[in-house]
Each structure stands twice: as structure tokens, then as C-alpha cells.
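Biologist: I have not seen this structure before. Could you take me through it step by step?

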Amino acid sequence: MKATGIVRRIDELGRVVIPKEIRRTLRIREGDPLEIFVDREGGVILKKYSPIGELGDFAREYAESIHQSVGHTAVICDRDVVIAVSGAGKKELLSHPVSERIEEIMQSRRRVCASRKAGEELLPVTTDDRGEVFSAELIIPIISSGDSIGAVILLSREPDAVFSETDIKVCETAAGFMGKQMES
């Protein structure tokens, strides 16, 4: 465990404030769920909770199914990191933090469908992506109990790629189904 040199007191209700610098670094926002663990030495560990992360194997299988159905790269992410990828670009995407622009799309709960062929700007998927690798992207937020908890993203490297209504419906169905799974 890394010491930060920051000390906080617990108030009369048992609360402790996580310093702004740490929240910013770990991308913890107001309302984000945290898991609490105790280690063998009596230390308390707070870990950002990802409801979709608990469905890791399920998300991988779902991404694989989407990829097999539509032939494009399928990505499933929570609000912070890519948790499943099937298709081209797996190494560049899997376990990488999602870009702020993707976070904004998830937060706004809007669908984005863009292609270079139509002259549209593609958003970077991860923080180290410059939006130059893929030629088309589709982003569908995953909504569970009224909260945006992640996204299903479809990507293509084909030069003239434009996603069809079927591609869009497949991703909307996947996002809807995953949102319902999290409510159960």
C-alpha cells in the first residue's frame, strides 16, 4: 500500500473525506459506489465498485457473440475501463481506461454512431487512443436502474464502414440486456 501523507479524521457519523487529489486520480465521482475491504494487518481498503466488472465472464462472452454476429470489434466497458473486447484491437483496448469523451457520452445517455466515410469525427475509446485506428464507431450506453453504468461499443477498421440498422439494434439489445442483468 502506498502512503499519501494525507491524514483525515472520522466524524461523529463515522464518515471520512477522501481527498480531492485522490478522487481525481482514481476517477471517483460523487455517488460512485465503493467496496470496503479489511486486510490482514487491519488496514481498510476502499476500491471503486464496478457492477459490470462482476459480470466479467458474461461480458466477454457477450462481446464475442456480438463480434460473431456482426463481424465488427465489440467492446464492453464500465464507466472507467474496458472490461471485454472481441475482434481486432483487443490488445490496444482491453483493461485500458475509457476516454473522458466516452464517459461524457455514457453520462448523457445518448447514442453515438459515426463514420469517417460520412466525414464524422470518431471519439477516442481509451485515454491513449487518438481516434485514428478505427473508421466507424457506435456507442450505446448501458442503463441500469436509471443509472448509466457502462457502454456497448462497436468499432470497425474497414475503410468504408458505416453501421447498419441491424448493427445498431444488436448493440441496443446487448446494452438493454446487460442493464437488465445488473438490476436482477
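Modeller: Of the protein's 184 residues, 41% count as buried, where buried means under 20% relative accessible area, exposed means over 50%, and partly exposed lies in between (1.4 Å probe, protein chains only). This is a predicted model, in which local features need pLDDT of at least 70, side-chain atom pairs count only at pLDDT 80 or more, and totals for chains, interfaces and linings use all residues. Residues are numbered from 1 along each chain as its sequence is written, and side-chain values use heavy atoms, with hydrogens and water left out.

Biologist: How many helices and strands does the secondary structure come to?

Modeller: There are five helices and seven strands. Helices (H or I, at least four residues) and strands (E, at least two) are DSSP runs, numbered from the N terminus. From that end on, the order is α-β-β-α-β-β-α-α-β-β-β-α.

Biologist: What does the C-alpha trace span along its principal axes?

Modeller: The trace spans about 60 × 35 × 30 Å. Among contacts between residues at least 6 apart in sequence, 51% join residues at least 24 apart; a contact means heavy atoms within 4.5 Å.

Biologist: On to charges, then. How many salt bridges does a search of the whole structure find?

Modeller: The search finds nine. A salt bridge here is a side-chain nitrogen of Lys or Arg within 4 Å of a carboxyl oxygen of Asp or Glu. Side chains of opposite charge can pair when their charged atoms come close.

Biologist: Which residue meets D80 in a salt bridge?

Modeller: The partner of D80 is R29, at 3.8 Å from N to O. This pair links distant parts of the chain, 51 residues apart: D80 is in the loop between β3 (73–78) and β4 (82–86), and R29 is in the loop between α1 (20–25) and β1 (34–38).

Biologist: Are those two buried or exposed?

Modeller: D80 counts as buried because its relative accessibility is 16%. R29 is partly exposed, with a relative accessible area of 25%.

Biologist: Which residues do salt bridges with shared partners join into one network?

Modeller: The network consists of R29, D80 and E103.

Biologist: What about E30, is it buried or exposed?

Modeller: E30 counts as exposed, because its relative accessibility is 85%. E30 is placed in the loop between α1 and β1. The C-alpha atoms of E30 and D147 are separated by 13 Å, and the two residues are 117 apart along the chain.

Biologist: Let us turn to the surface. Which residues form the nonpolar patch?

Modeller: The patch is formed by L34, I36, V38, V44 and L46, with about 480 Å² of accessible area together. Patches are made of residues with over 30% relative accessible area and no salt bridge; like charges are joined within 9 Å, and nonpolar side chains (Val, Leu, Ile, Met, Phe, Trp, Tyr) within 5 Å. Accessible areas come from the Shrake-Rupley method with a 1.4 Å probe, and for residues only the protein chains shown count as cover.

Biologist: Which element gives the most to that patch?

Modeller: β1 gives the most, with three residues. V44 lies in strand β2 and counts as exposed, at 55% relative accessibility.

Biologist: Which residues gather in the patch of positive charge?

Modeller: R8, K20, R23 and R24 gather there on the surface. R8 is in the segment before α1 and counts as partly exposed, at 42% relative accessibility.

Biologist: How many positive and negative side chains does the protein have?

Modeller: There are 26 positive and 31 negative side chains, and the centres of the two sets lie 4 Å apart. Lys and Arg count as positive and Asp and Glu as negative, whereas His and the chain ends are not counted. Each charge is placed at NZ of Lys, CZ of Arg, CG of Asp or CD of Glu.
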